[in-house]
Amino acid sequence: MGFGALIDGTGRAAEATGGVDYLVWLAPALLAVSAVQSAAFESTYPVLSGFKWQRIYHAMTAGPLSPEQVALGHLSWTVAKMGVSGAVFVGVVAAFGGVAGPGIALSLLAATLTGAAVAALVMAFAATVENEGAAFNGLFRFVVIPMTLFSGTFFPVDRLPGWVQPVTWISPLWHGTELARDAALAVWRPLPVLGHLAYLAVLLALGLVLVQRSYRRRLAR
Amino acid sequence: MRGIDVEVAPGEVFGFLGPNGAGKSSTMRMIACVSPRSEGTLQVLGMDPGVDGPRIRARIGVVPQQDNLDAELTVRQNLEIYGRYFGLSRAHVRAKAVELLEFAQLTERADDAVEPLSGGMKRRLTIARALVNDPELLLLDEPTTGLDPQARHLLWERLYRLKREGVTQIITTHYMDEAEQLCDRLVVMDGGVIVAEGSPAGLIERYSTREVLELRFTPESAPTAADLAHLAERVEQLPDRLLLYAADGEHVHREVARAGHRPLTALVRRSSLEDVFLRLTGRSLAE
């Protein structure tokens with residue numbers, strides 16, 4: 001919010017945000033970013049811990065639960081936590097006048113969908129990591145942080161050099177941010193919305209397949 | 001694993017013995033319906049783990065080699081939540097947890113976090129947790145490794161209580177005294193195959209003698225194993241000792257003295273499962 005005040009203070013924010021107050025413009029995107037960040041965190045070290053440090057996954061699958069169920073259970077918990085912390089975030093932002101209308105509820109859903117897709121993919125990867133090593137650091141440094149910086153969270157991607165813009169299209173966070181922001185600002189553009197939803201749905205479906213497969217491989221051997 | 005042909009009757013306590021890397025844990029993981037087997041047949045509680053894995057796992061209890069308690073939960077929650085994985089009702093697991101805390105002598109620590117517990121307490125909690133579903137079959141993978149003698153004896157007593165209650169148990173261990181204490185019947189494994197099978201007493205009878213005479217000499221006065229071979233059923237030469245296997249150790253001791261040998265120390269002891277184990281799996285390190 002301080003960031004927004006600085007930008008608004010120069011009078012240049014309105015030009016980039018299409019006349020919308022910077023905080024109102026930023027809030028839904030931050031919702032998506034925090035969903036993706038907590039998705040990435042909850043899907044790395046806690047997953048390795050389940051397999052290796054505390055080994056609670058092994059305890060679970062010693063009972064009637066299957067590796068697939070354990071994977072889906074962990075993912076559901078991550079998604080539930082994202083949803084709850086996102087709702088709290090919306091409450092706080094609303095108190096500071098950062099919410100334009102009820103569309104923010106859809107933003108929360110879009111953010112949670114984005115987080116779920118990222119979480120499933122990251123969990124699938126984390127389940128293949130045998131040693132802590134540098135795998136997770138690399139993931140955070142070279143995937144998560146660049147994604148948060150160049151997905152249109154803090155500034156519109158059309159401010160980036162033209163050749164970088166197509167790169168942002170592969171970022172799930174960019175799709176989530178577009179959805180969340182359009183919903184918050186009550187902008188209705190059917191085709192882009194469908195495109196973003198489809199992209200995130202495909203990633204989530206892929207993540208679900210991969211995460212169940214990697215949990216089975218790791219636990220049933 | 002090759003040719004692990006065993007049958008365990010309901011109510012029996014059965015042991016897999018063997019050095020590290022003998023294939024005990026792998027066998028246990030297959031029985032626990034976790035690891036798939038590449039060939040051969042396996043029936044647990046009359047069902048095929050490949051087909052009915054979840055249904056079998058719902059009726060067995062597993063105590064893994066490494067404790068895998070949930071450190072984010074209290075002692076009591078570890079029991080209650082684990083019970084919920086089996087689809088047991090909240091009321092049932094609440095009552096069951098009280099009973100198991102009593103069984104594991106952890107009632108006073110019920111609402112403490114798991115992390116500060118001693119190794120023995122964690123082990124007891126892991127065993128208690130494996131009993132949350134009243135299993136018909138309990139699989140214990142090296143249940144007392146790393147515990148102090150007090151904790152081991154308490155655990156043995158608890159496992160004996162379960163045996164009296166009719167719980168079938170399959171145990172892996174490389175502690176011979178543990179196997180002698182607990183197992184009705186056992187197999188000795190080495191390199192993925194079974195090298196002997198029987199009751200602890202039967203195995204001692206078959207592979208060893210009733211007594212063992214351990215003699216220690218000064219390097220100058222030490223006779224060779226061949227010098228004493230005629231005095232015992234079997235003589236084993238170790239770097240620092242001679243072991244003479246015989247039915248009557250005292251008698252052999254007198255014969256050794258009469259033959260003019262003067263050992264520094266002499267000890268007569270009963271033959272144990274350890275003698276059997278070392279004879280079958282050798283004295284060199286497995287790994």
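This is a predicted model: local features need pLDDT of at least 70, side-chain atom pairs count only at pLDDT 80 or more; totals for chains, interfaces and linings use all residues.
**Entry 1: chain B as a whole**

I began with the overall make-up of chain B. I counted 11 helices and 10 strands in its secondary structure. The C-alpha trace of chain B spans about 75 × 45 × 35 Å along its principal axes. Of the 287 residues in chain B, 49% are buried. I also looked at how far apart in sequence the contacts reach: among those in chain B between residues at least 6 apart, 71% join residues at least 24 apart.

**Entry 2: helix α1 of chain B**

Next I asked myself which residues of helix α1 of chain B are buried. For this helix, residues 24–31, I noted B:Lys24, B:Thr27, B:Met28 and B:Ile31.

B:Glu142 is not a glycine, yet its phi is positive, at about 45°. I located B:Glu142 in the loop between β3 and α6 (149–164) of chain B. Is B:Glu142 buried or exposed? Its relative accessible area is 6%, so B:Glu142 is buried, the cut-off being under 20%.

A:Arg55 sits in the loop between α4 (45–53) and α5 of chain A.

**Entry 3: where chain A meets chain B**

Then I turned to the interface. I see 15 residues of chain A in contact with 19 residues of chain B. The area buried between the two chains is about 1400 Å², and carbon and sulfur atoms give 51% of that area. Which residues of chain A lose the most area to chain B? They are A:Gln54, A:Ala62 and A:Pro64, which together make up 36% of what that side buries.

I looked up the polar side of the interface as well. The count of salt bridges between chain A and chain B is 0, while 5 residue pairs are in polar contact across the interface. Helix α5 of chain A, residues 56–62, gives the largest share of the side of chain A that touches chain B, with 6 residues. By class, I have that side down as 8 nonpolar, 5 polar and 2 charged residues.

**Entry 4: a threonine in chain A**

My last stop was A:Thr112, which lies in helix α7 (residues 104–126) of chain A. A:Thr112 counts as buried because its relative accessibility is 14%, and the cut-off for buried is under 20%. A polar atom of the A:Thr112 side chain lies 2.7 Å from the backbone oxygen of A:Leu108. Leaving out residues up to four places away in sequence, I listed A:Val79, A:Met82 and A:Gly83 as the residues that A:Thr112 touches.

Methods:
Residues are numbered from 1 along each chain as its sequence is written. Chains are lettered from A and ligands numbered from 1 in the order in which they are written. Side-chain values use heavy atoms; hydrogens and water are left out. Buried means under 20% relative accessible area, exposed over 50%, partly exposed in between (1.4 Å probe, protein chains only). Helices (H or I, at least four residues) and strands (E, at least two) are DSSP runs, numbered from the N terminus. Contact means heavy atoms within 4.5 Å. Buried area is the accessible area (1.4 Å probe) that two parts lose on being put together, summed over both. A salt bridge is a side-chain nitrogen of Lys or Arg within 4 Å of a carboxyl oxygen of Asp or Glu. A polar contact is a pair of N or O atoms within 3.5 Å; within protein, one must be able to donate a hydrogen and the other to accept it, and residues adjacent in sequence count only if both atoms are side-chain atoms. Ala, Val, Leu, Ile, Met, Phe, Trp, Tyr, Cys and Pro count as nonpolar, Asp, Glu, Lys and Arg as charged, and the others, Gly among them, as polar.
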